[in-house]
Amino acid sequence: MLVTMKELLCRAKEGGYAVAAANVFTGRTVEACFKAAAERKAPVIIACTPYVQMEELALAARMYERKYPQVPAALHLDHGKEYEDVQRALRCGFTSVMLDKSTLPYKENVKAVREAVRAAHAVGVTVEAELGHVGKGAEYEETRDSGLTRKEEAKGFVEETGVDALAVAVGTSHGVYKGRPHLNFELLNELSREVPVPLVLHGGSNTGEDKLKKAVDLGIQKINLSTDLSTEYLKGVKKFEETNDPLFDESGALVYTGNRTVYANQALSKGAEAYQEILEKYIRVFGSEGKALG
Ligand SMILES: [Zn+2]
């Protein structure tokens with residue numbers, strides 16, 4: 001069943017675990033989220049950026065929530081950049097949105113987020129915003145410390161905006177890290193004591209299980225996963241190609257004589273299986289296995 005993110009994360013805060021937020025990019029990956037959650041009896045957050053087919057993926061989520069009624073899931077807009085992205089998500093039936101204005105100065109971030117909160121709350125949708133800035137892994141060594149969330153701003157930001165969850169910058173990064181990830185656990189500890197709403201960690205991929213577990217212990221309730229899931233998906237497709245009759249010869253000419261529609265379908269299914277497998281692994285790491293019940 002699709003519920004708001006707030007409902008999932010408030011339970012996670014009480015229970016001391018985190019919910020995996022998986023970035024989806026095809027209908028099969030939406031199904032893989034439901035299957036992984038059903039298999040592990042866990043809640044899950046299905047996260048779409050504005051750059052994927054939001055409308056189609058929202059329809060897929062609505063279909064699979066009927067097929068897997070036991071799964072508590074939120075359909076979430078990840079990194080909405082503009083107010084218009086939020087409006088699109090609301091129109092598509094998302095149950096949760098993020099408006100990311102973290103590159104703007106504090107006051108402008110507050111102003112933009114407050115507006116999104118007003119629009120979303122009016123239709124029962126919950127909101128995540130980011131304070132401080134989680135950067136890109138490729139620039140990690142240069143930008144790691146400059147974007148960290150300032151603890152003296154966090155509580156006020158939540159009060160002024162009315163957000164339901166706060167993404168904090170404590171040393172993780174998006175994509176593949178250049179250099180070793182270093183998390184500021186002291187800052188995270190202080191933030192989780194200060195901030196009354198659930199906390200979100202972006203850039204879960206490549207961070208390492210031990211660090212993620214510790215972040216959950218210190219008060220993170222949602223961890224975003226994208227790079228690791230899409231990498232495994234692509235590896236799954238590649239492995240299928242490598243272990244089956246070749247499609248092309250060395251000159252690039254098509255040599256496969258079997259049914260190519262069946263081949264394509266099987267290859268993409270293998271990708272989705274690999275995606276599901278690593279998502280299940282993270283669900284266990286985050287402590288949310290078995291938390292779909294009660
Ligand atoms: Zn992110």
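Here are some exercises on the structure above, each with a worked solution.

This is a predicted model, where local features need pLDDT of at least 70, side-chain atom pairs count only at pLDDT 80 or more, and totals for chains, interfaces and linings use all residues. Residues are numbered from 1 along each chain as its sequence is written, and side-chain values use heavy atoms, with hydrogens and water left out.

**Exercise 1: the zinc site**

Work out which residues coordinate the zinc ion, and where His-174 and His-202 sit in the chain.

Step 1. Look for donors, meaning N, O and S atoms within 2.8 Å of the metal (3.2 Å for Na, K and Ca); water is not among the atoms, so sites may look incomplete. You'll find NE2 of His-79, NE2 of His-174 and ND1 of His-202, at 2.0 Å from the zinc ion.

Step 2. Now write the spacing of these donor residues in sequence: H-x94-H-x27-H.

Step 3. His-174 is in the loop between strand S6 (165-168) and helix H8 (185-194), while His-202 is in the loop between strand S7 (199-201) and helix H9 (209-217). They are 28 residues apart, and the pair links distant parts of the chain.

Step 4. Check burial: buried means under 20% relative accessible area, exposed over 50%, and partly exposed in between (1.4 Å probe, protein chains only). His-202 is buried because its relative accessible area is 1%. His-174 has 25%, so this residue is partly exposed.

Step 5. Finish with His-79, which lies in strand S3 (residues 73-80). Its relative accessibility is 12%, so His-79 counts as buried.

**Exercise 2: two helices crossing**

Describe how helix H3 passes helix H4 and which residues meet there.

Step 1. Start with the axes, which are lines fitted to C-alpha atoms, for helices over the stretch in contact, with angles running from 0 to 180 degrees between N-to-C directions. The axes of H3 (residues 54-67) and H4 (residues 83-92) come within 10 Å and cross at roughly 35 degrees.

Step 2. Decide the handedness: a crossing is left-handed if the near helix is turned anticlockwise from the far one by less than a right angle, and right-handed if clockwise. H3 and H4 make a right-handed crossing.

Step 3. List the contacts, where contact means heavy atoms within 4.5 Å. From H3 come Met-54, Glu-55 and Ala-58, and from H4 come Asp-85, Arg-88, Ala-89 and Cys-92.

Step 4. Sort them by type: Ala, Val, Leu, Ile, Met, Phe, Trp, Tyr, Cys and Pro count as nonpolar, Asp, Glu, Lys and Arg as charged, and the others, Gly among them, as polar. That gives four nonpolar, no polar and three charged residues.

**Exercise 3: the nonpolar cores**

Find out which residues touch the most other members of the largest nonpolar core.

Step 1. Recall that a nonpolar core is a set of buried Ala, Val, Leu, Ile, Met, Phe, Trp, Tyr and Cys residues joined through side-chain atoms within 4.5 Å. The largest one has 82 residues, and the top members by that count are Phe-34, Phe-94, Leu-166, Tyr-275, Leu-279 and Phe-286.

Step 2. Ask who supplies the largest share: helix H11 (residues 260-285), with nine residues.

Step 3. Look apart from this core and you'll spot another, of 14 residues, including Val-3, Met-98, Ala-165 and Val-200.

**Exercise 4: a lysine in a strand**

Is Lys-222 buried or exposed, and which residues does Lys-222 touch?

Step 1. Locate Lys-222 in strand S8 (residues 220-225). Lys-222 is buried because its relative accessible area is 0%.

Step 2. Leave out residues up to four places away in sequence, and the residues touched by Lys-222 include Met-5, Ile-45, His-76, Glu-128 and Val-200.

Step 3. Compare sequence and space for Lys-222 and Val-200: they are 22 residues apart in sequence and 4.7 Å apart in space, C-alpha to C-alpha.

**Exercise 5: a pair in space**

How many Å separate the C-alpha atoms of Gly-162 and Glu-241?

Step 1. Find Gly-162 in the loop between helix H7 (151-161) and S6.

Step 2. Go 79 residues along the chain to pair Gly-162 with Glu-241; their C-alpha atoms are separated by 49 Å.

How values were computed: Helix = DSSP H or I, 4+ residues; strand = E, 2+ residues; numbered from the N terminus.
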